[in-house]
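Subject: Structure handover, salt bridges

Hello,

I am passing on the structure we discussed, together with some notes on its salt bridges. Please look it over before reading on.

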Amino acid sequence: MRNMERQNFEDSWKKAFEQAEVAPSENVWTNIELDLEKANGTKLKRRLVLFQLLAAASVIFALGLGAGIFIMKNSYEESARQLAANAAAQNGIQRQSGTQASATPAQNQSQPTAIESNKVSTLNPSHDKTSTIASSDNKKFGINKSGSNTASTNEIASIQRPDETVLADVRTPEETVVEGIFAPYRDGSASKIGNANLPAIVEPRKVELVLAEEKKVEADPVQLMLAKLDQREREVREAESKKEKADRSEKLWTSVGFSAGSFNTVNSGVSAKQSTSTASFFAQNSAIANPEAKASGTTYSVGANVGTRLSARWVFQGGVNYLTQSSDYTAHSAVINDESTMSFRPASINELDKLSTSDVPAEEKLVSTAPYNVNNNSRYLSIPLQAGYMVINKNFGLQLNAGVATDLFLQNTVSAEGGNLDKTSQGIGDDSPYRSVNLSGLAGTELSYRFSKNYRVAINPGLRYPFNSVYKSEIAVKSTPITFDIGLRFGYIFH
């Protein structure tokens, strides 16, 4: 009954508070946040302590590892030094074995020095415990603890090398005594301990320090391939550059040009040394021949040339030029051309040469006139051949030229100013006073500039000097015009 009442009471209270809600205060939420922060702080502290322990363990491990490496390194170095000293001592024993071998066992028994039985020498100071000869090792040497052929384990010291080789104590024959018993010599002679012979001490092995071979660094295949490609690219560029230079080198070229200048005659005039009829006739009419032979004038030429390179500096060039020489002089005579028409021609060397072979006396053909100007024009076909030396061989070039020219006479024309006198012409032939072929020396320079791959322009100052007179020798008239001219050439370079 009471339980039912109590249950009803609780149920009534539940129903009363079913829909009831109460908003918590700000202090409640603040306390909750503080509790949460404390819980997080505790976790962080635990993690921090764990990290600190791990760091301390790492430091301790590193220190221990470093100390172990240091100790092992020192032990290894000390062992190596001791082994080296051992080998030196063994060499000393071998050197002394020859002297000691001659001694008798009786003599050897009177010289040894006793040592304490419990005193043991070791060859390896780094070995912490003194190793003794085991029973098995004693059997190898024929030694036991009870007989005369025995020795106590603390009487002979030994060292166990890494290769398991047992070495006996190394001493000189004078010092190798254990409790008054002789130790064996190096050569095995007179080697006794008590009354038994002992085998020779094992020869220590030579200590060789073998350095680890340095590992070869293998190149990265990609980097190696890139390096090869770069090298190949450089080689191709160099080959192209050489090819371009070879292409730009001038092996063969041709040019066209013209030149203009002036000439002055030297050694000119009528010669009176010859005694032929023609020479006498010209000597009588020297007043007519001298003005023409001594006249100076202008010269023009135009032509084409071709050249080739003989070596790095030497070139050879030739061509064909059309050459014109024109001079003016004053005449005082005229020659009757036709009496019926009363036409006259200028008095010249051409007319005098014809009159010298004519049946008509010259007095009947020559008439004196007032002074007038006469133009004498001679035309030649010149074939120059020159060798050149290139002082500067770049885009700007300087070249020195020298050679000869073969001048082929074409025609001479004499004309007077005004329309009263007829013009006369004289070509090549036997009746011409001019030489058919004349040789002239050539000298000059060439200043050029290459403004593209295939074109070069040049300026050519030059000198021309005839080796002989332009007139035939039988007419006894000399005229050697020296020509100074400047030429302009435009050349094309073949590759």
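For what follows, a residue counts as buried under 20% relative accessible area, as exposed over 50%, and as partly exposed in between. Glu-78 has a relative accessible area of 28%, so this residue is partly exposed. Please keep in mind that the model is predicted.

Searching the whole structure gave 6 salt bridges. Three of the pairs are described below.

Glu-78 is paired with Arg-81, the N to O distance in this salt bridge being 2.4 Å. Helix α2, which spans residues 26-101, holds both Arg-81 and Glu-78. The two are 3 residues apart, about one turn of the helix.

A second pair sits in helix α5 (residues 221-248), where Arg-237 and Glu-233 are 4 residues apart, or about one helical turn. Their salt bridge has its closest N and O atoms 3.1 Å apart. Arg-237 has a relative accessibility of 43% and is therefore partly exposed. Glu-233 has a relative accessible area of 44%, so Glu-233 is partly exposed as well.

The remaining pair to mention is Arg-345 with Glu-351, whose side chains form a salt bridge at 3.2 Å, N to O. Are these two residues buried or exposed? Arg-345 has a relative accessibility of 18% and so counts as buried. Glu-351 is buried too, because its relative accessible area is 3%.

As background, side chains of opposite charge can pair when their charged atoms come close.

Regards

Terms used: Residues numbered from 1 in each chain as written. Predicted model: local features only at pLDDT ≥ 70, side-chain atom pairs only at ≥ 80, totals over all residues. Heavy atoms only, no water. Salt bridge = Lys/Arg side-chain N within 4 Å of Asp/Glu carboxyl O. Buried < 20%, exposed > 50% of the residue type's maximum accessible area, 1.4 Å probe, protein only.
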